[in-house]
Amino acid sequence: MKFQIEDVTVYFPYDHIYPEQYSYMIELKRALDAKGHCLLEMPTGTGKTIALLSLITSYTLSKPSNPVKLIYCTRTVHEMEKTLAELKLLHKYQLDCVGPSARMLALGLSSRKNLCVNPGVVSAENRDSVDAGCRKLTASWVRALAVENPNIPTCEFFERYERAGSDAVLPPGVYTLQDLRVFGKERGWCPYFLARHMVQFANVVVYSYQYLLDPKVAGIISKEMQRESVVVFDEAHNIDNVCIEALSVSVRKQTIEGATRNINKMAQEINRFKATDAGRLRAEYNRLVEGLAQRGNLPVGDTWLANPALPDDILKEAVPGNIRRAEHFLSVLRRLVQYLKGRLDTDNVEKEGPLTFVNAVNSHVGIDQKMLKFCYDRLHSLMMTLEITDTDEFLHIQTICDFATLVGTYARGFSIIIEPYDERMPHIPDPVLQLSCHDASLAIKPVFDRFQSVVITSGTLSPIDLYPRLLNFNPVVSRSFTMSLTRDCICPMILSRGSDQLPVSTKFDLRSDPGVERNYGRLLLEMVSVVPDGIVCFFVSYSYMDAIVNSWNETGILKDIMQRKLVFIETQDVVETTLALDNYRKACDCGRGAVFFSVARGKVAEGIDFDRHYGRLVIMFGVPFQYTLSRILLARLEYLRETFQIKEGDFLNFDALRQAAQCVGRVIRSKADYGMMIFADKRYTRHDKRSKLPSWILSHLRDAHLNLSTDMAVHIAREFLRKMAQPYDKTGGGGNKTLLSQEDLEKMNGIEGMMF
């Protein structure tokens, strides 16, 4: 269907549209017109992705004189593929309606691990090894040697891509990662470098958050992006944590040992070059004297990670004189590594600011702030000069230089925390020195400054007024949408006590109480005998899940549960968890029914959907607070209180409830779906906790469901499932339509026109 929103003709590839999708498009268009940023909370399962894609691509078609580029950021490769599949459908529809003028180029970009087609490289076990394997075949000096000596291996795909030169382009169309690999194999071109080259010409680019937020990656991939771009962060409820991780560095004993090995290897290489090719080291020295830290534009195969500091904070001046010579720089690195090794050798927790730390480094080992700031650039230059290709071997020294550059660059918003052991396992020494960033607005500020519109959207952005304070920006539009439903297909309940009327909670003083464990077990046992198909349970942590499952096993509750349904458990191993999920789905498909035990901050809570019969009920056991004694969390809370006036309790409640909402939101993925949500903890009855849930959950939470015991919850579940089994009208009769056709939209536009 196609319809008008003011001066834009929107092409939408389905015959009907949800009212909230229409409202969402109107708000999104307002933000694009104002060239400003916006925050939009839209319930899960209401077609947020297609609404975004339709409006932004149609907006470009309606205004061909100043087209906007869409940069769509997802969290996982799975979400990226889903987005590109939706876009394919939309593009086909736009071509049918408009003809060739609607042509566009859209592609996904991921790491070499997901795009490489060279069997010898892509078979490596992890991403860093694939990157290093690629570099060993594509670095400019390797290729130069291969010209003289044909026995030196190179990558045939990269060579053909280079030979094609300006002819190596992607024809218009929508390309998933699989499409890129197929196209690369057909033409014999490297899909990874082709995609990286085409990103700057594409109308739509879909890639991971890190490509914009992590300066080390963004400096290489995203620096070409034009200002007239709309950036969308999808599923962005945790965007503040992604920003913080992008600027945080951890140094452990293994890092120190690895860095020492790296320095020794580099020293050997320098001695070898001195004996065989001293001119090269001299040339590098002269270049640094002239102030050229890098050799202008590096060949595409040579680029490694960019500077870990943000673009505006990188010094545009020459490298200090005392680290220009390679051997002098190595001696500085040795002293720095030795100093960090000494700091790790402590029995007490230490916390200090970057300025104090920099002064201590200067007084102990004579390395000043400017030398620290240039560590990364100087290392990069040296690795180029020494022609080092196995970058995966040199990750440790790179971590040390990242740490040095960040600590030398930033005085505010960071802390250095040294912990001799993990508090949860005090008998195991595992010292770690962490440079932790507390200010999420640092990493995202360049994105807000550079692009004309940034859209932050998710199913859980409540309370929506906290995000502008955390990320330090002013949205022109900030809206939360509810779900229009023909029937109440969501049934949230708050369970505060067991059938013996004892309160249930995962509060620290109550969580190991046998009465609480028994009541939680009884709740699940009652539910598996009432609810068909799949049930998903979320626990607050892996350790609590282990403890409670052991307790249920000893008391025989687990055995009773398994007579009704099979039980599958998420572990910290990705392969095991994937296998458990597959078998859980099989058990639901064949009618045996299953229960999946998961963790609120684990892998499953974020990206896996339990739609239809895979999730008829989600039980959230407890309130998923972060580990509140974590030194890093305490330092961040102190910073938020002093800088943004956000109280500790407010932030912790907000963080726990967005996580809980994310978990229970997995159960409903479309309007034809139905499911129940049980918040099993007496603390959810308090208004300050409950009010932070998204409005689309709160609007279905009845007063009668706020303070239930197990037997009352079972009764409500029976009634709800009986009601859901009845036939219903999908479009919604009368005045409350939940599916709008083209005629409905035209009528609405006509009425609005008459009103104005």
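Two strands count as paired if DSSP finds at least two bridges between them. Helices (H or I, at least four residues) and strands (E, at least two) are DSSP runs, numbered from the N terminus. The model is predicted: local features need pLDDT of at least 70, side-chain atom pairs count only at pLDDT 80 or more, and totals for chains, interfaces and linings use all residues. Residue numbers start from 1 along each chain as its sequence is written, and side-chain values use heavy atoms, with hydrogens and water left out.

**Sheet**
- Eight strands form an open sheet with parallel pairing, in the order β6-β5-β7-β4-β8-β13-β3-β14.
- β6 (173-175) and β14 (477-480) each have a single partner strand and stand at the edges, so one side of each lacks a neighbour in the sheet.
- On average, neighbouring strands of this sheet are turned by 15 degrees against each other, direction ignored.
- Strand β5 (residues 105-108) runs parallel to β6 and is joined to it by three bridges; L107 has Y175 of β6 as its bridge partner.

**Helices on the sheet**
- Angles run from 0 to 180 degrees between N-to-C directions, with axes as lines fitted to C-alpha atoms, for helices over the stretch in contact; contact means heavy atoms within 4.5 Å.
- Helix α1 (residues 19-33) packs on the sheet and touches β3 (38-41), β8 (229-233), β13 (453-458) and β14, its direction making about 170 degrees with that of β3.
- Helix α9 (residues 177-187) lies across β5 and β6, at about 100 degrees to β6.
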